[in-house]
Structures are given as C-alpha cells and as structure tokens.
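Colleague: I would like to learn how to read a ligand site in a model. Could you walk me through one?

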Amino acid sequence: MDSIVVTGGNRLNGTIPISGAKNATLPLMIASLLTSESLILENVPHLADVNSLTRILGNHGVDYRVEGKRRQGNGCDGRTIHFFADEIVDTRAPYELVSTMRASFWVIGPLLARMGKACVSLPGGCAIGTRPVDLFIESLEAMGTNIKVEAGYVIADAPNGLQGCTYTFPKVSVGATHVALMAATLANGTTVLRNAAREPEVKDLADCLIGMGAKITGAGTSTITIEGVDKLHGYRHRVLPDRIETGTYAMAVAMTGGDVLLKGAQPDLLQDALDVLVDAGVTIEPTNEGIRVARNGHALKPVDVVTDPFPGFPTDLQAQFMALMTMADGVSNIKETIFENRFMHVQELARFGAKIKLDGQNAEVTGVDKLTGAQVMATDLRASVSLVIAGLVAEGKTTVNRVYHLDRGFERLEEKLSACGAQIERVSH
Ligand code: UD1
C-alpha cells in the first residue's frame with residue numbers, strides 16, 4: 001500500500017493546473033446510460049473513482065474509448081473519453097461494484113428512465129455519516145416507480161414508464177437531485193423539482209443533458225423544471241474545473257505562504273470559500289488564466305465557518321480549512337451541518353500538535369505556533385488531503401498512510417505540489 005511522505009517547511013510558488021471536477025465527471029459518465037449514441041466527455045480527471053465507475057458502467061454494457069494526446073492541450077486538460085451505451089445488457093448493479101463508491105448508486109435514475117427497471121445495491125463510499133438513500137427512493141416513487149429494498153438491494157420498477165411530477169426535496173441532496181434530474185429527462189410529462197441542490201455540478205450535468213436533447217430550465221437554482229422527451233442523443237461536453245481541488249490548493253498555499261497561480265480555476269465556483277480565505281488574510285486575485293493565491297509574511301487570522309449547501313462553504317473543504325486554522329493566530333469555530341460524522345480528521349490533526357475541541361457538530365480550533373510531523377492515517381477523501389496540508393508546514397517528516405483515499409479524488413497530487421516546491425513523494429511498500 002502506498003504512503004505519501006511530506007517534509008514540511010517549504011513555501012509554494014509557481015503554477016498548479018486544476019483538473020476537471022470529480023463530482024461533475026461521475027454523474028456525467030452515468031448520464032451516458034440515457035442514450036444509445038455516444039457521449040464524449042472532455043477534461044476527465046485521472047482518478048480511481050473514474051476508473052471504478054468505468055467498470056460499473058461496463059457491467060451495464062457501456063463501452064468506452066479514451067482519445068489519445070492532442071496538440072491543442074493547454075497543460076491542464078484531462079482525458080477525453082467516449083462512452084457508448086448502445087445496448088443496456090444488465091440493469092443490476094451488484095454490491096461488489098457499488099460498495100466502493102457511493103455515487104455509483106446514481107445509475108438507478110438513468111436505468112429506470114431508459115429500461116423501466118433497476119436493481120442496485122445500497123451504496124458504500126466515504127465513512128462520513130450514515131448517508132441514507134430515502135430521498136432517492138421518495139423522489140423516484142413520486143415519478144411512479146415501485147420500489148422495495150431487499151437483501152441490501154433497491155429494486156425499482158416502472159412498468160408504464162416514469163411519470164412527470166412535482167416533488168419537493170425535504171433536504172438538499174446533490175446525489176438525489178442528479179438522479180431525479182436524469183430520470184425526469186425521459187419521463188412522460190413535466191417534472192418540477194423543488195429545493196433541488198444548486199451545486200455547479202448539477203448545472204454542469206443539466207447543461208450536458210440539454211446538449212443531449214433534454215428540456216431543462218432552472219438548473220443551478222432551487223427549482224428545476226424538466227419536460228420529458230422520447231429520447232436523448234449523443235453530445236460532446238467539457239467537464240467544469242474542480243472547485244474542491246481549487247479550494248484545497250488555495251488552502252495549501254495559504255498554509256505554507258508563497259504565491260501560486262491555480263490555472264484553469266473559476267472563482268465563481270467557490271466564492272464563499274475564497275471570501276473566507278480573504279478574511280483569513282490571504283490574497284486572492286482572479287486572473288485571465290485562473291486564480292492567484294498568495295500569502296507573504298502576514299499571520300493567518302482565525303475565521304469562523306459553517307458548512308452549507310452551495311453557494312455556502314462546502315463540506316468538502318471543511319477538513320482542509322480546519323488544517324489551515326490550526327496555524328491561525330487565535331481561535332476559530334467550524335460547524336459541520338451536512339454530514340454528522342465528518343470530523344474523523346480531528347484525531348489525526350491532533351497528532352501534529354493541533355489543538356481542537358469537539359462538541360457535536362462544532363469544532364473549536366485554537367491556533368498553535370508550530371505543527372510537528374507525524375505518522376497519520378487517511379480516513380476519507382477530503383480528510384486525507386487535510387493531513388497533507390498540515391504536513392506541508394509541520395516540522396520534520398509526515399507520513400500519510402492509506403493513500404488510496406487521496407487517489408479517489410486528487411489527480412497527481414504529489415506532482416502538482418512538488419512542482420511548486422513542496423518536498424513530497426509517494427512511497428510504495
Ligand atoms: C455529494 C458529493 C460529496 C459532497 C456532498 C455534499 C459527489 C460525488 N459527492 O455527495 O463530495 O460532500 O455532495 O456537498 O458529488 N441524505 C439523506 N438522504 C438521501 C440522500 C442524502 O438524508 O437520500 C443526506 C446525507 O446523509 C447528507 C446530506 O443529505 O447528510 C447531503 O448529502 P448529499 O448532498 O446527497 O451528498 P452526496 O450526493 O452523497
């Protein structure tokens with residue numbers, strides 16, 4: 001199993017290319033199930049989760065082809081992958097495949113829409129809370145699906161096709177919004193989704209579906225209206241830049257000090273997090289090429305943060321921000337409102353000498369003068385990168401074990417950071 005070894009103390013200077021968004025790529029790949037023509041996705045990041053989903057889609061009959069290198073690349077382009085689902089040969093998504101990644105459960109939407117049935121294992125994914133699927137079930141039932149849960153599988157059946165409906169999500173869910181949106185594209189009649197997730201990845205999926213012939217308005221707001229069509233066709237779509245990767249590297253630079261261009265990043269995708277960094281004393285400057293992040297000499301100021309659905313502060317940046325605040329000049333309070341068990345990194349950050357007090361969903365972080373390198377363990381995707389951020393300033397050597405969590409969501413992390421001066425390497429055991 002690989003580890004990441006970081007020796008802290010170097011400032012970051014240079015350019016970091018931002019990859020395509022993992023959380024947009026996954027639903028976009030799943031949308032390929034909705035058409036018998038080819039869906040071509042550009043700027044697909046090289047990630048373990050993308051590979052896992054390719055296997056899961058393959059089991060339903062989806063073929064794929066990766067385009068070779070092209071001349072016009074700007075240095076931060078991902079791969080271009082063609083997905084063809086001309087025939088769906090299996091509507092069952094087995095436990096062995098789905099258990100590795102929660103998002104694979106989302107195949108239930110397109111399978112139902114195109115085939116009228118699906119049998120999908122209850123999901124796995126990061127251990128950050130119970131993460132139920134009640135909202136998926138409720139919204140699909142509202143579209144006329146019969147659903148039962150048996151032996152760990154959700155068995156769904158819509159013998160007369162999905163029916164348009166008005167459905168109000170009792171709680172904002174990114175995944176349930178993606179699924180209801182995809183399902184409704186091929187339903188009979190009009191579907192109105194209220195209290196829908198407004199995340200940029202939902203808008204990106206809707207833009208791609210519209211390109212495929214779907215009739216959708218309002219994506220990116222909390223009310224999405226979808227007029228069902230008979231079929232969707234092929235399309236070529238470019239995945240939007242990863243706002244979580246952007247925020248993560250912005251926090252890494254804020255932590256170490258230095259001056260870095262996050263190339264290809266889009267500020268509007270994470271304005272709230274950027275504003276928080278400005279409050280912490282970090283220079284954030286949008287440029288034609290991306291976002292420049294700098295901190296030269298100033299101390300980090302403590303800032304209180306509450307995680308919220310978009311456009312609020314993303315839960316996926318909470319761990320990284322907490323790592324940053326361990327070195328702030330004072331006390332900050334961080335409240336997690338999205339997942340009930342997303343403080344697993346606290347005990348690992350404590351190994352560096354961080355001072356964090358937990359009280360339910362609240363963490364009180366008291367800044368310290370220095371962190372000391374330690375042996376730590378990655379517990380989930382975003383938590384693991386917070387340990388790398390701490391390691392970048394910690395005195396001495398930090399070893400982050402269980403790196404497979406990082407590989408699920410961060411493309412070429414060691415390469416991108418070491419190109420800017422970090423001492424970081426991957427060690428295989
Ligand atoms: C997505 C992101 C993840 C991010 C999260 C919140 C992807 C691949 N993953 O996850 O990185 O942290 O959004 O921004 O895009 N819930 C229910 N019932 C349901 C579904 C969800 O109670 O049926 C709850 C969850 O337990 C959680 C909250 O709703 O407390 C939000 O979860 P959701 O937005 O669905 O997260 P994901 O789509 O799984």
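Colleague: What lies 3.2 Å from an oxygen atom of the ligand?

Modeller: A polar contact is a pair of N or O atoms within 3.5 Å; within protein, one must be able to donate a hydrogen and the other to accept it, and residues adjacent in sequence count only if both atoms are side-chain atoms. Here a backbone N or O atom of Pro132 sits 3.2 Å from a ligand oxygen. Asp134 uses an N or O atom of its side chain, 2.6 Å from a ligand nitrogen. For Lys171, a polar side-chain atom is 3.4 Å from a ligand oxygen.

Colleague: How much of the ligand does the protein bury?

Modeller: Accessible area comes from the Shrake-Rupley method with a 1.4 Å probe; for residues, only the protein chains shown count as cover. The ligand alone exposes 740 Å², and the protein buries 91% of that.

Colleague: What should I keep in mind about the source?

Modeller: This is a predicted model, where local features need pLDDT of at least 70, side-chain atom pairs count only at pLDDT 80 or more, and totals for chains, interfaces and linings use all residues. Residues are numbered from 1 along each chain as its sequence is written, and side-chain values use heavy atoms, leaving out hydrogens and water.

Colleague: Which residues come nearest to the ligand?

Modeller: Near means a heavy atom within 4 Å. Of the 19 residues around the ligand, the nearest are Asp134, Ser173, Val174, Asp316 and Ile338.

Colleague: Which domains supply the shell?

Modeller: Bounds come from an automatic or database domain assignment. Domain 1 (2-19 + 241-428) and domain 2 (22-238) each give at least three residues to the shell around the ligand.
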